[in-house]
Each structure stands twice: as structure tokens, then as C-alpha cells.
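Subject: Structure handover

Hello,

Here is the structure I said I would pass on. My notes on it follow below.

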Amino acid sequence: MTTAQTTTSTRGARIEARDLTKTFGAFKAVDTLSFEVEPGRITGFLGPNGAGKTTTLRMLLGLIHPTAGSATIDGQKYHDLDHPQSIVGSALEATNFHPGRSGRDHLRVLAAAGGLPDSRVDELLELTGIPAAARKRAGEYSMGMRQRLGLAAALLGDPRVLILDEPSNGLDPEGIRWLRGFLRHLSNEGKTILVSSHLLQEVEQTVDDVVIIANGRMVRSGAMSELRGAPSTIVRTSDPAQLAGALRVADVLAQPGDDGELIVETTDKRLVGDVALRAGLPIWELRDRKADLEALFFELTEGTNRNLGDGNAVPTATAPTTHAPHETDAISGQEGANE
Ligand SMILES: Nc1ncnc2c1ncn2[C@@H]1O[C@H](COP(=O)(O)OP(=O)(O)OP(=O)(O)O)[C@@H](O)[C@H]1O
């Protein structure tokens, strides 16, 4: 990653949703959702397809109006921010660039609208790794390049808050790695970063905190480390109960896992090996126990993909089985997220 710096981000700005609710007709897309996103941290906003992520992000960005509750950035509704471009940057969709316009021209139009110099455009093209594509028409960009252009657009005003909807969509493994490093660099500058995804594993190496929703409702929030649980070790031996007893004497707790495994509450494998040796027990397997995030995410959100229709949906108390007609402001709100 280039080390070119964005300009100064003075202090962090929090994102806050309080009892945020959005109904489309009688359908509750977002249901009394409350969460906070802290400066200097990357927060994953997660949920299966149709959970209400994009609807929530649109409310945060003032593109659609909440039915109830509030969504604020730095303590204010988006429309009340004095210089929104310097407070919040967003990339909701990677596809809404004018296909005939070059990446550089696209950014120049946005920069001019925000009173920013053209030099900022070149700086961003460099930072997001697409300087060579600057003269190419956006219509010829790959999905990954459009994602990078969207990110460049979001960062033009050096905002303190960055809101990105599924930013790794269309990126190859190298691009995903680049994005991870890039977002970390920005969060180290103190920026507040909210990144949506429908896959926990996709962001597990990127994010510090998570907000997980299903059916428009909160199902879990907190630090990624809490979600992973305390690090531990899995051991296989001929007599797990005897090894557990020997470990207890050494002040290490252990409990039975699946298929005769022993889950030991330490990451000190040498200690476990030494205790087993003294107890005269063979070690057949000794490895880190990693949280099964895929299973956890599935458990938390199972069967709640509302885009799949009735059979797979777990409707909220007020949700009908069919969608209400799209609200007009929602439809127009989908356009021009980056414009
Ligand atoms: N304007 C609208 N009118 C009616 N229903 C809508 C409207 N916008 C979204 N919905 C519905 O609200 C639910 C939440 O949609 P949303 O796009 O916020 O989900 P999401 O979590 O972003 O999903 P995905 O991961 O598929 O993008 C979906 O069932 C969707 O069909």
C-alpha cells in the first residue's frame, strides 16, 4: 500500500443509530435498531441478504427517512451537517458511475462540487491504486476497479467517517488484502469506518467490532475478540478425563469437546505437552482452537434471508409475507449515492 497520507483528520466522529426503524408499507425492513460505531475502529455491519443493511446505511446518509428513531453522524442527522463531504464519505454502490466518463473526470466533478482541488483527485487515484485507469471510461472498468473508484470518491473530502456497502464485492484476493490494509491505515488515522457485508468470514480479518442484524433487528454486537471467545487449545489423547485431571492440578481448566477432544483453556501447548508427558499420556493431536465464525454467524442468522421468499423468512411480528410497493423516496435514494 502506498504511504501517501490523506490530509488531516482532526477528531473522530461517532455514528449512532437509536431505535432506528424503517417500514415500507407494512413491511418492517429495519426494526428498532440501536448501535454505535466508534472512531479509530473498523466495524463490520453484517447480516444475510435482505437483513436491512443497505436500508440502514441509506438512513444514516439521509437518502431515505427513518419511519422512527434516529440516525446521526457526529451527533447530527446527515442533512444537518455543515460540511458533509468533510464529515462522511460513502460508497453504497459500485455501479452508478457514468459509463462514458473517465474515472478522473468523475472524481473531478465531485471535487469541484466540494470545492476541492484537482490535485486531490490524483492523490486519491494513487491511494486507491487506479492511477493507470484514470483516463479509461468508467464503463470499461472491472467491478474491482469500480469499487476502488467508489472508495476514491468517498475519500475526496478526507471525511472522518467512512460508510462502505459491501466494499470487497468484486475484488480478487489481492484486492481484498489491499482493502484490508487500506482500511486499517485509515482507521489508524482515527477515522470511523462502517463496512457492510453478508459474510462474517469475509471481514473477520478486517474488522474490530461487529453489528450483526437479521430481519432488520439486532442479533449481536461487540468486539470481534468477544465473538471469537477466549483462545484455547484442542488436545486428543488416550484418556481425556485423566489429562483433564492432571491439567487441573496444574491450574489449567479443560473440558470435553466433540469426538473425545479435550478443550483446554490455554494457548500454551508446551505446558499441555509437559503435563501429558508427566501423566504418561500420549498426545495424538494438539492444535489451536479457532472460533467457527461461519457456524456462529449461521446460528445467529439462520433462516432469515428475506430475499428468498416466504419459505426462508422468519417474519417480524408486523412483517407481511409480501413486500409493500417501494417507497418513492427509497427508489430515488438509491441513485446518486456517490454523486
Ligand atoms: N424501497 C423498498 N421498498 C420495499 N421493500 C424494500 C425497499 N428497499 C428494501 N426493501 C426490502 O427491505 C429488506 C431489506 O433490504 P436491504 O437492501 O436493506 O437488505 P440488505 O441487508 O442490504 O441485503 P443485501 O445483502 O441483499 O443487499 C429486503 O427484504 C428488501 O427487499
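Predicted model: local features only at pLDDT ≥ 70, side-chain atom pairs only at ≥ 80, totals over all residues.

**Glutamate 285**

Is glutamate 285 buried or exposed? With 10 other C-beta atoms within 10 Å, glutamate 285 is exposed, because a residue counts as exposed when 12 or fewer such atoms lie within that distance. Apart from neighbours within four places in sequence, glutamate 285 has contacts with Ile234, Val235 and Arg236. Glutamate 285 is also 7.2 Å from threonine 237, C-alpha to C-alpha, although 48 residues separate the two in sequence.

**A parallel pair**

Elsewhere in the chain, S5 and strand S6 (residues 161-165) pair in the parallel sense, over 4 bridges. In general, strands of a sheet pair through backbone hydrogen bonds, and the pairing may be parallel or antiparallel. Alanine 91 has leucine 164 of S6 as its bridge partner. Strand S5 (residues 88-91) has Val88 and Ser90 pointing one way and Gly89 and Ala91 pointing the other, and all of these are buried.

**Helices H3 and H4**

How do helix H3 and helix H4 pack, and at what angle? Helix H3 (residues 103-113) packs with helix H4 (residues 118-127) at an angle of about 135°, and their axes are 9 Å apart. The two helices, H3 and H4, are therefore oblique to each other. Their crossing, that of H3 and H4, is right-handed.

On the H3 side, the residues that meet H4 are Gly103, Arg104, Leu107, Arg108 and Ala111. They face Asp118, Arg120, Val121, Leu124 and Leu125 in H4. Sorted by class, this contact of H3 with H4 has 5 nonpolar, 1 polar and 4 charged residues.

The buried residues of H3 are Gly103, Arg104, His106, Leu107, Arg108, Leu110 and Ala111. These buried residues pack against H4 and also against helix H5 (143-155). Just after H3, glycine 115 has a positive phi of about 70°.

**The chain as a whole**

Finally, some totals. There are 12 helices and 13 strands in the chain. Of its 339 residues, 40% are buried. Among contacts between residues at least 6 apart in sequence, 72% join residues that are at least 24 apart.

Regards

Conventions: Residues numbered from 1 in each chain as written. Buried ≥ 20, exposed ≤ 12 C-beta atoms within 10 Å, placed from the backbone. Pairing = 2+ DSSP bridges. Axes fitted to C-alpha atoms, helices over the stretch in contact; angles between N-to-C directions. Parallel < 35°, antiparallel > 145°, perpendicular 65-115°, else oblique. Left-handed = near helix turned anticlockwise from the far one by under 90°. Contact = placed C-beta atoms within 7 Å. Nonpolar A, V, L, I, M, F, W, Y, C, P; charged D, E, K, R; others polar.
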